[in-house]
Amino acid sequence: MAQVEATTERVVAAKPDDVFDALADYSGTRAKLLSEHFSEYEVREGGDGEGTVVHWKLQATSKRVRDCLLDVSEPTDGELVEKDRNSSMVTTWRVTPAGEGRSRVTVTTVWNGAGGIGGFFEKTFAPKGLGRIYDAVLAKLATEVEK
């Protein structure tokens, strides 16, 4: 199995603390940011950053639905890590300053991909598809925090 990685980033016109707070607000703001690829969203524990447990289904393609149960941690300032209990998938959100009143938001997801020819196609196409999904989430984030 090869590790698969998808990274997307966006600069938003809002302070890093405000952007991070919106991303970490799983019981409020986060649900508003999700695209149509996410369903059955539910906060199971916590709701604000570290210690949150959140569930959703991610429909990456018409045939591929991933049932995600995520443990949220904050290993460093400006960083949220979502580790899926049901798979090897780990998503890391990083918010860093990008000039006066602006923030760079980077989201990176890694997981252990399939082997063989299936793994080749997964490694080739999955990052692009997941990148489009997270680009839509980042666009909604920008709309939310740039108010």
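Predicted model: local features only at pLDDT ≥ 70, side-chain atom pairs only at ≥ 80, totals over all residues.
Local features were taken at pLDDT of at least 70 and side-chain atom pairs only at pLDDT 80 or more, whereas totals for chains, interfaces and linings use all residues. Residues are numbered from 1 along each chain as its sequence is written, and side-chain values use heavy atoms, with hydrogens and water left out.

Helices (H or I, at least four residues) and strands (E, at least two) are DSSP runs numbered from the N terminus. Phe38 is buried at a relative accessible area of 11%, and Trp56 is likewise buried at 3%; buried denotes under 20% relative accessible area, exposed over 50%, and partly exposed the range in between (1.4 Å probe, protein chains only).

Another edge-to-face pair joins Trp93 and Tyr134, with 5.5 Å from centre to centre and 85 degrees between the planes. This pair links distant parts of the chain, since Trp93 lies in strand 6 (residues 90–97) and Tyr134 in helix 3 (residues 116–145), 41 residues apart. Trp93 is buried, at 2% relative accessible area, as is Tyr134, at 5%. Ring pairs connect Phe38, Tyr41, Trp56, Trp93 and Tyr134 into a cluster. Trp93 also has Arg30 over its face, 4.7 Å from the ring centre. A charge is taken to sit over a ring if NZ of Lys or CZ of Arg is within 6 Å of the ring centre and within 35 degrees of the ring normal. The charged end of Arg66 is placed over the ring of Trp111, at 5.9 Å from its centre.

Strand pairing was assigned where DSSP finds at least two bridges between two strands. Strand 3 pairs with strand 4 (residues 65–73) in the antiparallel sense over seven bridges, and a hairpin of five residues joins the two. Within this pairing, Lys57 stands opposite Asp67 of strand 4. Strand 4 also runs antiparallel to strand 5 (residues 79–84), to which four bridges join it, and Leu70 faces Asp84 in strand 5. These two strands form a hairpin with five residues between them, where Gly78 in the turn has a positive phi of about 75 degrees.

Seven salt bridges were counted, each defined as a side-chain nitrogen of Lys or Arg within 4 Å of a carboxyl oxygen of Asp or Glu. Among them, Lys32 meets Glu144 at 3.6 Å, N to O. Lys32 is in helix 2 (residues 29–33) and Glu144 in helix 3, 112 residues apart. Arg85 and Asp71 meet at 2.7 Å, N to O; Arg85 lies in the loop between strand 5 and strand 6, and Asp71 in strand 4. Arg85 is partly exposed at 48%, and Asp71 is partly exposed at 29%. Arg94 and Glu79 form a further salt bridge at 2.8 Å, N to O, which links strand 6 to strand 5. In this pair Arg94 is partly exposed at 38%, whereas Glu79 is buried at 11%.

Methods: Phe/Tyr/Trp six-rings, centres within 6.5 Å; stacked < 30°, edge-to-face > 60°.
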